[in-house]
Amino acid sequence: MMKRFLQATVAAAVLAMSAVHAPALAQDASTFNAVLGETKGYQQLPKPWKFRALVNPGKLTIGTTGASPPRTFVDPATSKLTGSYVELFTKLAQDLDLQPEFVQLEWAGILPGLAANRFDIACDGASWTAERLASDQFLMTSPTAVNATVAVTRKDTNIKTFADAKSADLGGVRGEVYFEGAKKALPDAAATEFPGMQESLIGLQNGQVKLVAMNLSNALNVLNTAPNKAELQLVGPALQVFPQGLCVNPKQPDLLIAINTLLGNYRADGTLKNLVVKYGGSAAEVDALTRIGY
């Protein structure tokens, strides 16, 4: 009852303030627009973009695993790199008047590669953590999605929640925050590191591990596309929920500003949501950004 009362009081106060200040706000907006003149698009973008420290002049060099569907993967029919974030990186490059150049490697080498000046941009959605946001080894963009730490298991393990897992053998990709979070939640579990998600799923299938920690986006893709999907199930509820963004070379703050500008436009015009839906079928990870204030 008290909570509803407070909510009603706050709502009434916001409406009252809006009514009092609406004419002034409208006048300010009118004056502001008159000074700026009519503009098209969401941001005025420089043409051409000028960057001082690209790894390769004229190119946007992109680090990606190619092993995290639906965001980045190799299409078995064409043997070409594809996915929602592969398309996102490609569009970013095009809108920056740069040629996209992808470098494929394991996740464990992505962040060190940025610090070593191998790429301009990387990470197919790296989760925000205090350590990453404070790091001087790379820069993080504004969020592109919300993700969570879950796991996948075989139905015959009878593991439905992390509480059921207890000391069950745990697998995950080396260096991922989801695997690290699951290890902390299951301190009695024997943990096995794998170089990539496909290797971890093979370990699950052959009984090397009982469950594999991963992010929710990857887990839903596995449950929808894996050849043995009828034998698998999700383990939850989520241990952690993260905003996720892209990672930029620490020597390129000018690139970070440009990327954030474009990402804001892609959120506003629906480009980001459409790419995620095209490959994953659901816009939930983008829509959830509004629930965390973005």
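**Before you start**

Residues are numbered from 1 along each chain as its sequence is written, and side-chain values use heavy atoms, with hydrogens and water left out. Because the model is predicted, local features need pLDDT of at least 70 and side-chain atom pairs count only at pLDDT 80 or more, while totals for chains, interfaces and linings use all residues.

**Stop 1: the whole chain**

Show the chain as a cartoon. Its secondary structure comes to 11 helices and 13 strands; these are DSSP runs numbered from the N terminus, helices being H or I with at least four residues and strands E with at least two.

Of the 294 residues in the chain, 44% are buried. Here buried means under 20% relative accessible area, exposed means over 50%, and partly exposed is in between (1.4 Å probe, protein chains only).

As for contacts (heavy atoms within 4.5 Å), consider those between residues at least 6 apart in sequence: 71% of them join residues at least 24 apart.

**Stop 2: Asn249**

Select Asn249, which lies in the loop between β13 (241–248) and α9 (253–269). Is Asn249 buried or exposed? With a relative accessible area of 0%, Asn249 is buried.

Next, display what surrounds this residue. Leaving aside neighbours within four places in sequence, Asn249 is in contact with Val55, Leu114, Asn117, Phe119, Asp120 and Leu139.

Then look at the polar atoms. The side chains of Asn249 and Asn117 are joined by a polar contact of 2.7 Å. That term stands for a pair of N or O atoms within 3.5 Å; within protein, one must be able to donate a hydrogen and the other to accept it, and residues adjacent in sequence count only if both atoms are side-chain atoms.

**Stop 3: aromatic pairs**

Tyr178 sits in helix α6 (residues 177–185) and Phe242 in strand β13, so the pair ties together parts that are 64 residues apart in sequence. Both Tyr178 and Phe242 are buried.

The chain has 5 aromatic pairs. Rings of Phe, Tyr and Trp (its six-membered ring) pair if their centres lie within 6.5 Å; planes under 30 degrees apart count as stacked, over 60 as edge-to-face and the rest as tilted. Go to Trp49 and Phe51 for a stacked pair, 6.0 Å centre to centre with 5 degrees between the planes. Trp49 and Phe51 are both buried.

**Stop 4: salt bridges**

A salt bridge is a side-chain nitrogen of Lys or Arg within 4 Å of a carboxyl oxygen of Asp or Glu, and the count here is 8.

- Select Lys59 and Glu101, whose side chains meet in a salt bridge (3.1 Å, N to O). Lys59 lies in strand β1 (residues 59–64) and Glu101 in strand β5 (residues 99–104), so this pair ties together parts that are 42 residues apart in sequence. Lys59 is partly exposed at 31% relative accessibility, and Glu101 is partly exposed at 28%.
- Move to Glu87 and Lys278, where the closest N and O atoms are 2.5 Å apart. Glu87 is in helix α2 (residues 84–95) and Lys278 in helix α10 (residues 271–280), 191 residues apart. Glu87 is partly exposed at 27%, whereas Lys278 is exposed at 55%.
- Pick Arg154 and Asp156, also joined by a salt bridge (3.1 Å, N to O). Arg154 is buried at 13%, but Asp156 is exposed at 57%.

**Stop 5: an open sheet**

Finally, select strands β2, β3 and β4. These 3 strands form an open sheet in the order β2-β3-β4, with antiparallel pairing. β2 (67–68) and β4 (80–82) stand at the edges with a single partner strand each, so one side of each is left without a neighbour in the sheet. Two strands pair if DSSP finds at least two bridges between them; β2 and β3 (residues 72–75) pair over 2 bridges. To find one of them, select Ser68, whose bridge partner in β3 is Thr72.
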